[in-house]
Structure formats: structure tokens, C-alpha cells
Amino acid sequence: MREILKRAIGEGREEIAFGETASYIPELGRVDKNQLGVCVYTSEGKKEALGDTDVRFTIQSISKVITLAVALERCGFYKVFEKVGMEPSGDAFNSLVKLDLSSNYPYNPMINSGAIAIASYLTPIISFKKMLEITRKLCLDEQITLNSDVYLSEMANISRNKAIAYLLESKGIIASGSVQESLDFYVRMCSLNVTAESLANFGLVLALGGVHPETGERLLEEDVVKVVKTIMLTCGMYDGSGEFAVHVGIPSKSGVGGGILSVVDKKMGIGIFGPALDSKGNSIAGRYILRSLSRELGLHMFS
């Protein structure tokens with residue numbers, strides 16, 4: 001496994017020069033784009049890590065997987081998808097064009113409009129403190145904290161997400177008067193500090209159907225995990241999800257902090273950190289690492 005990881009990370013490192021950090025969030029733009037790490041945690045209990053796997057970075061849109069799972073458990077399937085769809089959008093993650101012109105509802109929970117809507121479901125019933133506890137438990141990482149610098153940087157550059165939230169309010173998707181609370185909750189969840197190892201841990205929890213890999217404790221309902229993994233496969237890599245599914249075939253979710261969470265059902269969780277992003281907002285090195293691992297280990301779900 002270690003030799004396979006070395007080859008994969010070598011392929012990924014060659015692509016870093018073609019990517020850039022998420023400079024539209026100033027604090028993320030300051031990150032060293034040459035950092036790169038990958039961690040694999042298997043269902044046999046073996047963990048292999050290479051590169052910058054203990055570096056803390058913000059989870060960003062990977063938190064959408066957690067908020068979706070919690071919303072499904074607390075609100076139920078029909079409430080969650082009553083006003084949020086399940087289809088790929090084909091547009092950038094922060095687009096509001098189709099929400100305004102061709103659909104009354106966000107296309108899916110993995111784009112900003114859908115995630116902000118999900119946040120509005122959760123704010124009346126669960127605190128951020130409790131969400132932090134849940135995140136720590138799912139990632140098997142008690143060291144996860146709020147990155148205040150990134151949180152403040154995002155809140156100071158939130159105009160586009162604020163426009164999305166008010167458009168959602170105008171369509172009756174977010175209750176009147178709850179825009180600010182929903183945005184604050186959404187940004188706080190995006191600003192949690194994780195590592196590639198944290199994501200590999202969470203990936204294995206999902207791969208095992210919501211069960212803690214060491215204690216056997218059920219952390220998420222099995223039906224909830226099935227929905228989450230399906231949405232990750234079809235929508236998790238923004239408007240590059242279809243191409244990624246063809247070439248890699250592993251349910252994954254990316255974040256503009258450079259993280260990728262990947263789930264190989266019943267086999268392993270994979271966590272990647274590579275802050276140089278492609279034009280879609282996905283870790284450019286991470287995509288190539290996963291493509292290499294899928295090929296070398298036969299991980300494509302249709303192999």
C-alpha cells in the first residue's frame with residue numbers, strides 16, 4: 001500500500017503547479033499550495049499516511065456531508081428533500097443562476113444554496129456546539145476546533161452567499177428572518193479545522209455504514225449513510241462530479257480548503273489534503289491521487 005501511495009502522491013504533485021488556492025477567501029489564499037498529504041484507513045484496521053496528513057486545514061464544503069447526515073437524522077428524509085433536490089446542478093458550487101431562473105429549489109445539498117437551506121433546517125433544533133461534538137465523533141478526532149481566522153475571513157467576504165440566502169428566503173425556502181443565523185451556522189461548519197487523517201476516519205465510518213471502526217458503536221443510521229454516499233457520488237465534486245465518477249468511481253466530497261473525503265464501500269476511507277485547486281474548486285492533486293489509487297487498487301465501484 002505504501003508504494004502505491006507514493007506513486008499516487010507523485011502523480012498528484014506534478015499537477016500542483018496548475019492549481020491555485022481559494023484566494024477569494026483571503027485567509028485560504030495564504031495557505032502554501034505545495035502542501036500535500038493522503039491517508040488511507042482500511043476496514044481491517046490498517047492506516048497508512050503519506051505527506052502532510054497531520055496539517056490542520058478547514059473542512060469547508062466537506063462539512064455539507066455532516067450537516068446533511070444530521071439533518072436526515074433529526075428532520076427526516078421527506079423534510080430535508082421537500083425543498084432541496086437530489087440532482088447535479090451542472091453549475092459552479094456558488095452559482096445562483098438556476099435557483100433564480102429555472103428552479104424554485106436548490107439542486108442538491110452539496111452546493112452552497114442547498115447547504116444553506118439545510119443549515120436553516122438545523123439552526124432551530126441543534127446548536128453549533130453540538131454539531132462540533134458530532135463532527136469530532138464522526139472524524140474520530142477530538143482536536144477539531146473552529147478556525148476563528150478563517151471564520152472571520154469568510155464572514156467578511158460573504159456577499160455571494162448572502163445573496164443566495166436572501167434569494168432562498170424570497171422563495172420561502174428559508175424562513176423569514178433566519179438568514180443571518182443560517183449563514184453563521186453554515187460558515188462555522190465550513191471553518192472547522194481537520195486533517196487528512198480526520199477525513200480518512202470519517203470515510204471509513206461511512207464505508208462501514210455508519211459504524212465506529214474500533215468500538216462498533218453506531219454513529220449514523222444505515223439508511224442515512226446510503227443517501228449521503230449516493231449524493232456524494234453524483235454531486236460531491238461540484239460541476240466536475242460526472243467526469244470524476246467516470247474516471248475514479250468513488251463517492252467523494254471536496255472542499256475549497258483543499259480536502260477530499262472519499263468512501264470505498266466496506267473497504268476503506270480516504271482523506272486528502274492538497275490546497276491547490278482546479279477550476280471547479282477541487283484539489284487538483286487530490287483528483288489525480290484518487291484516480292491513481294482507483295486504478296492501482298481497483299476501487300472504481302463498477303470495476
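Let me start with the hairpin: β6 and β7 form it with three residues between them, and Lys266 in the turn has a positive phi of about 65 degrees. Strands here are DSSP runs of E, at least two residues, numbered from the N terminus, as are helices (H or I, at least four residues). This is a predicted model, where local features need pLDDT of at least 70, side-chain atom pairs count only at pLDDT 80 or more, and totals for chains, interfaces and linings use all residues. Residues are numbered from 1 along each chain as its sequence is written, and side-chain values use heavy atoms, with hydrogens and water left out.

Now the pairing, which requires that DSSP finds at least two bridges between two strands. Strand β6, residues 259–264, runs antiparallel to β7 with six bridges, and Gly259 stands opposite Phe273. Strand β1, residues 37–42, is also antiparallel to β7, over six bridges; there Val38 faces Ile272.

How many residues of β7 are buried? Six of the six, residues 268–273, so the strand is largely enclosed by the rest of the structure. Buried means under 20% relative accessible area, with a 1.4 Å probe and protein chains only. In a regular strand, side chains alternate between the two faces of the sheet. In β7, Met268, Ile270 and Ile272 are buried on one side, and Gly269, Gly271 and Phe273 on the other.

Finally, the whole chain. Its secondary structure comes to 14 helices and seven strands. Of its 303 residues, 56% count as buried. The C-alpha atoms fill a box of roughly 55 × 40 × 35 Å along the principal axes.

Conventions:
Buried < 20%, exposed > 50% of the residue type's maximum accessible area, 1.4 Å probe, protein only.
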